[in-house]
Amino acid sequence: MWVEGKWKGKGRVLDHFFRYREEFSFVKSREGLYRYVSEFKIPLIGITLGGETGFLRLIPDKEDPSSGKAELVCCQSMGICDTLEGTYNKDKIEVNSTNIIRVATATPPFTTELRKRFIRKDGELIAEMDLGSTKHATRPHLTATFTKE
């Protein structure tokens, strides 16, 4: 699968004009199952802001194994865990939240919806995330561009 491997890149939080560096990897555990680990930092000073970890499951379509159903389970350092489901094909993984839970000490505004996209384009990977919260409707939140190591 094209998303497998270690990726490094730069991104920005769209509604705050905040920039960050991120490294993540998808490591194959077995056919159709990938372990996902991500860490993001402030550029120049290198302070880790957080990260997430989880698993990506890809269930191929019987007629076209290059596409099918995608499931992503993520736990984030800020105390949020989410499950997302959607689809994948030869150039894109797109998933939407089906369940979001948080620890008791999480602070508002609370995340109410997530949409994540991993897009392969011209040898790079573009990651996009839309976020809805108790403060605003779902809207574009993050965008980042990565190269494979």
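Visitor: What do β9 and β10 form, and how many residues lie between them?

Guide: β9 and β10 form a hairpin with five residues between them, where strands are DSSP runs (E, at least two residues) numbered from the N terminus. This is a predicted model, in which local features need pLDDT of at least 70 and side-chain atom pairs count only at pLDDT 80 or more, while totals for chains, interfaces and linings use all residues. Residues are numbered from 1 along each chain as its sequence is written, and side-chain values use heavy atoms, with hydrogens and water left out.

Visitor: What makes β9 and β10 a pair?

Guide: Two strands pair if DSSP finds at least two bridges between them, and seven bridges join β9 to β10 (residues 139-148), so these antiparallel strands meet that definition.

Visitor: Why is Tyr 36 called buried?

Guide: Buried means under 20% relative accessible area, exposed over 50%, and partly exposed in between (1.4 Å probe, protein chains only); Tyr 36 has a relative accessible area of 3%, and is therefore buried.

Visitor: How do you know that the side chains of Tyr 36 and Glu 52 make a polar contact?

Guide: A polar contact is a pair of N or O atoms within 3.5 Å, where within protein one must be able to donate a hydrogen and the other to accept it, and residues adjacent in sequence count only if both atoms are side-chain atoms; the contact joining Tyr 36 and Glu 52 is 2.7 Å.

Visitor: Why is Cys 74 in no disulfide?

Guide: A disulfide is a pair of cysteine sulfur atoms within 2.5 Å, and the nearest cysteine sulfur to that of Cys 74, belonging to Cys 75, is 7.7 Å away, so Cys 74 is in no disulfide.

Conventions: Helices (H or I, at least four residues) and strands (E, at least two) are DSSP runs, numbered from the N terminus.
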